[in-house]
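Here is a briefing on a predicted model. Look over the sequence and the coordinates before reading on.

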Amino acid sequence: MVHPPPPTEAVLLSRARGGDLDAYEQLVRLHQQIAFRTALVLTRDAAEAEEAAQDAFVKAWRALRRFDRSRPFRPWLLAIVANEARNRRRSAGRRELLAVRAGGEPTAAKAAGSPEGALLVAERDASLAAALERLDERDREVIACRYLLELSEAETAAALGCRAGTVKSRLSRALERLRAQPEIGALDG
Amino acid sequence: MAELHDALTRMAAEARWPATPELAGPVRATIEAQPADRSVPRRRGRGRRPLLAALLALVAGGGVLAAPGVGSGLLERLGLRNATVTQVERLSPSALGGSLALGERHTLAGARRAAGFDLLQPAALGPPREIYVDDGVVTFVYRARSGRPILFTQVPGSAGRYVQKFVTENTRRVRIAGRRGLLLRGPHAVLLDARGGATRVQEARLAANTLMWERDGLLLRLEAHQPAGELIRLARSVRAG
């Protein structure tokens, strides 16, 4: 039995703009992971991130007519998600940290080539995680967008609410400040 | 700097993200529950909506959620601190039939006096046809166009009171005028702790959809043979009575 290929994002967008909720549901499924994770980076709270992403999708639906179809959908969506997430930020003490493992993973061991090497990698990653935590929010967010979320510069700009041209310089400065952390000096030296 | 870049890249590859929640269903339910948007024309969906991911399945993968900590923690996350959701294999037959056992019938004024709290009412339903009070639990009964009843129940959210629901079908999160709630599909039964600590069973509720949310210190339940979107629309109309 031959199944037709799934509709492209452009087709789904076109249908959704015409009021097709089925098409919009598919669009939500296509983008819900990156929306949730982007919101998580910004809120640092899974429940808040889920709500932010959910509300963002609802707002995006209502704003679909204003979406410029000559532009990619994802940065536009992420800008809405990020805006919702920022509105939901809670006090820093209640935020959960991103579940970033600081070592002992198979890839780390493989990269290190030996148990001793893996241990070294683990210690370095733990140092890196600690150093990231000490960065201010702006620096941490731009690093998270580019490295953790692997967003493009345009998507990072949308998520952070800045111009695309400033993402590179902002990331560069954030990395410099990260590198200036005591643990990272030893790592990168 | 290259080593820093490598370390960040490796950290990204090893990041353990929380599972992405299923958003499509709740997003759709919210859109359907909202007033028609002028900017996007609404069109009826083709065919039956896909079943939404069950909230209970997310945390337990089915089976019995007997551990109070699991359910209560989840619901606390949802802002439903007075409620615990438990999944069971089968409902008690007595919970699916018989009388509604809603308590003693009252007038609205009498219900206000008996309840001891400010009553709320879904404005979209107009005045209730019948009002019952059972140990501080107030239930308004409405009649839908189909002739079937619609129940709106208000439970005081005092520290000594909780509600335990047995859910056999899908459960999903919804938003009701900015508040978090749960939509429980299908048959269910409710256990209530009566004042004084005794547990009482409200045996015969409707084997229908139930919306549950909190407001003004009350656990609110709206139960009817109505689509989810309609229940949410009714819930959004709840006002001080």
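Leaving aside neighbours within four places in sequence, A35(A) is in contact with A53(A), A56(A), F57(A), L77(A) and V81(A). Contact here requires C-beta atoms, placed from the backbone, within 7 Å of each other. The model is predicted: local features need pLDDT of at least 70, side-chain atom pairs count only at pLDDT 80 or more, and totals for chains, interfaces and linings use all residues. Residues are numbered from 1 along each chain as its sequence is written, while chains are lettered from A and ligands numbered from 1 in the order in which they are written.

**Nonpolar cores**

- The largest nonpolar core has 57 residues, and A35(A), A39(A), A53(A), F57(A), V81(A) and I143(A) touch the most other members.
- Helix α2 (residues 21-43) of chain A gives the most to this core, with 12 residues.
- Domain 1 (9-89) and domain 2 (135-188) of chain A both give residues to this core, so the core lies between them. The domain bounds come from an automatic or database domain assignment.
- Another core, of 33 residues, lies apart from it; I131(B), V174(B), L182(B) and L219(B) are among its members.
- A nonpolar core is a set of buried Ala, Val, Leu, Ile, Met, Phe, Trp, Tyr and Cys residues joined through C-beta atoms within 7 Å.
- A residue is buried if 20 or more other C-beta atoms, placed from the backbone, lie within 10 Å of its own, exposed if 12 or fewer, and partly exposed in between.

**Chain A overall**

- Chain A has 10 helices and 0 strands. Helices (DSSP H or I, at least four residues) and strands (E, at least two) are DSSP runs numbered from the N terminus.
- Of its 189 residues, 43% count as buried.
- Among contacts in chain A with a separation of 6 or more, 60% join residues 24 or more positions apart.

**Helices α7 and α8 of chain A**

- Helix α7 (residues 137-148) and helix α8 (residues 153-160) of chain A pack at an angle of about 145°, with axes 10 Å apart. Axes are lines fitted to C-alpha atoms, for helices over the stretch in contact, and angles run from 0 to 180 degrees between N-to-C directions.
- From α7(A), E141(A), V142(A), C145(A) and R146(A) meet T156(A), A159(A) and L160(A) of α8(A).
- By class, this contact has 4 nonpolar, 1 polar and 2 charged residues. Ala, Val, Leu, Ile, Met, Phe, Trp, Tyr, Cys and Pro count as nonpolar, Asp, Glu, Lys and Arg as charged, and the others, Gly among them, as polar.
- E150(A) lies in the loop between α7 and α8 of chain A. E150(A) is not a glycine, yet has a positive phi of about 55°.
- E150(A) counts as partly exposed because it has 14 C-beta neighbours inside 10 Å.

**The α3–α4 loop of chain A**

- F67(A) sits in the loop between α3 (46-63) and α4 (73-87) of chain A.
- With 16 other C-beta atoms within 10 Å, F67(A) is partly exposed.
- F67(A) and L77(A) are 10 residues apart in sequence and 9.4 Å apart in space, C-alpha to C-alpha.

**Chain B**

- Chain B has 6 helices and 14 strands.
- Of the 241 residues of chain B, 36% count as buried.
- R175(B) is in strand β8 (residues 171-176) of chain B, and counts as buried with 21 C-beta neighbours inside 10 Å.
- R175(B) and P26(B) are 149 residues apart in sequence but 8.1 Å apart in space, C-alpha to C-alpha.
- Leaving aside neighbours within four places in sequence, R175(B) is in contact with T30(B) and R180(B).

Terms used:
Two residues are in contact if their C-beta atoms, placed from the backbone, lie within 7 Å.
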